[in-house]
Amino acid sequence: MRLTKFLSSTLFSLLAALSATSIPATAHPTTTVSDAADSAPIPFIIWHGLGDNYANDWLLELGDLIQALHPGSFVYNIRLDEDPSSDRTATFLGNLTTQLASVCADLATHPILSAAPAVNALGFSQGGQFLRGYVERCNAPPVRRLVTFGAQHNGIAEFERCGDGDWICKGAMGLLHWNTWSGFVQGRVVPAQYYRETNNETGLGSDAYLENSNWLADVNNERAEKNETYKANLASLEKFVMYVFENDTTVIPKESGWFAEVNTDTGNVTALRDRKMYKEDWLGLRELDEKDGLAFRTVPGGHMHLNDTILKKSLLEDFGVKRSSSYESAEPERDSDIQNVLGDWEL
């Protein structure tokens, strides 16, 4: 009881210091990917997931792998703060609208990225839908190919456990359970902003979700007034590849990574191509699919159980990267350091 009171008091004090001002989303006009030669190295941007930070060893390892497979590519790990600890905290607490605006400004003014004709984007877990949000709302520099692993593109229906002793996570999740649709929670708890409640009779978002969601209902173009810039920007991608982990029990439902709708009463799954959002093309996904730009893939194992084999295959196939003739791996295939860094709760 004392711990609960302490946690609540500490977290509410922290959140109370945050600005309560709501900043509307602004979508920038479509930016077209240039016709630069495919062989020319273009930068990679990477967005990590919940509970991680941009300076983690596995991300540095991944950057080395990208540069080995695609010599000359600049790799940039997106961050919300230069301090790794603060960057991690921002994966739990913050307003996604303002966070994304900050990332957009950072990339648009970066001396290397801003001068690039295009970038490739790689998103892990919640970083996947955040990168998609970047494409829709900003896309400057424009993304050529977007690949997401274990993302929650159609939101989450349940909230997973936190690691032992992770009080920031536990506090954020406690607030989320307390009053998901309040303006206070929607403006401050990151996972609450991609939580999705459905009307199982219609298969559409519930009234509470559509009225109060700070982020997901907007970037998924689910409200009556559609944002045509979101649609145009997403359809401008050359390729959008979505990976789902076969045994994922962290992302609920795991099919969210493919924009699928899952009836929480019956468990029935409605694939993206059978959904109203695809048939009416709210996001440009149908247009992208019709030009063979949409790919649905699976990887074995639980959430974020990645290894070097999977990562290399994705980097070579999904990004159209040719293996460098000088690249020879003398090491046997092994698990990446991801699992040494992330817990099963990571989103």
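Modeller: Before we start, a word on handedness: a crossing is right-handed if the near helix is turned clockwise from the far one by less than a right angle, and left-handed if anticlockwise. Please also keep in mind that this is a predicted model.

Colleague: Thanks! With that in hand, is the crossing of α2 and α13 left-handed or right-handed?
Modeller: Helix α2 covers residues 57-69 and helix α13 covers residues 308-317. By the clockwise rule, the crossing of α2 and α13 is right-handed.

Colleague: Now for another pair. At roughly what angle do the axes of α4 and α5 cross?
Modeller: Helix α4 spans residues 96-109, and its crossing with α5 is right-handed. The axes come within 10 Å of each other. The angle makes α4 roughly perpendicular to α5, and its value is roughly 70°.

Colleague: Which residues of α5 meet Leu-96, Thr-97, Leu-100, Cys-104 and Leu-107 of α4?
Modeller: By class, this contact has six nonpolar, two polar and one charged residues. Gly counts as polar and Arg as charged, and α5 supplies one of each in its share of the contact. That share is Phe-130, Gly-133, Tyr-134 and Arg-137.

Colleague: What is the relative accessible area of Asn-139?
Modeller: Asn-139 sits in the loop between α5 and β4 and has a positive phi of about 55°, although it is not a glycine. Anything under 20% counts as buried, and Asn-139 is buried because its relative accessible area is 0%.

Colleague: And which loop holds Asn-221?
Modeller: Asn-221 also has a positive phi, near 55°, without being a glycine. Its relative accessible area is 3%, so Asn-221 is buried. Its place is the loop between α9 and α10.

Colleague: Which proline is joined to Ile-252 by a cis peptide bond?
Modeller: There is a cis bond from Ala-140 to Pro-141, with omega near 10°, and Pro-141 is in the loop between α5 and β4. The cis bond you ask about has omega of about 0°, and its proline lies in the loop between β7 and β8. That residue is Pro-253.

Colleague: What is the length of the polar contact between the side chains of His-48 and Asp-87?
Modeller: His-48 is found in the loop between β1 and α2 and counts as buried because its relative accessibility is 2%. Its side chain also reaches the backbone nitrogen of Tyr-54 at 3.4 Å. A polar contact needs N or O atoms within 3.5 Å, and the pair with Asp-87 qualifies at 2.8 Å.

Colleague: How far apart in space are Leu-122 and Phe-149, C-alpha to C-alpha?
Modeller: Leu-122 is in strand β3 and is buried, because its relative accessible area is 2%. Its contacts beyond four places in sequence include Phe-149, along with Ile-45, Trp-47, Leu-62 and Phe-319. Leu-122 and Phe-149 are 27 residues apart in sequence. In space, their separation is 8.1 Å.

Colleague: Which helices are among those covering the buried residues of α10?
Modeller: Tyr-230, Asn-233, Leu-234 and Ala-235 are buried in α10. At the start of that helix, a side-chain oxygen of Asn-227 comes within 3.0 Å of the backbone nitrogen of Thr-229. The cover over the buried residues includes α5, α9 and α12.

Colleague: Last one: what percentage of the residues of the protein count as buried?
Modeller: The protein has 14 helices and 10 strands. Among its contacts between residues at least 6 apart in sequence, 76% join residues at least 24 apart. Of the 347 residues, the buried share is 53%.

Technical notes: Residues numbered from 1 in each chain as written. Predicted model: local features only at pLDDT ≥ 70, side-chain atom pairs only at ≥ 80, totals over all residues. Heavy atoms only, no water. Axes fitted to C-alpha atoms, helices over the stretch in contact; angles between N-to-C directions. Helix = DSSP H or I, 4+ residues; strand = E, 2+ residues; numbered from the N terminus. Buried < 20%, exposed > 50% of the residue type's maximum accessible area, 1.4 Å probe, protein only. Contact = heavy atoms within 4.5 Å. Polar contact = N/O pair within 3.5 Å; in protein donor to acceptor, adjacent residues only side chain to side chain. Parallel < 35°, antiparallel > 145°, perpendicular 65-115°, else oblique.
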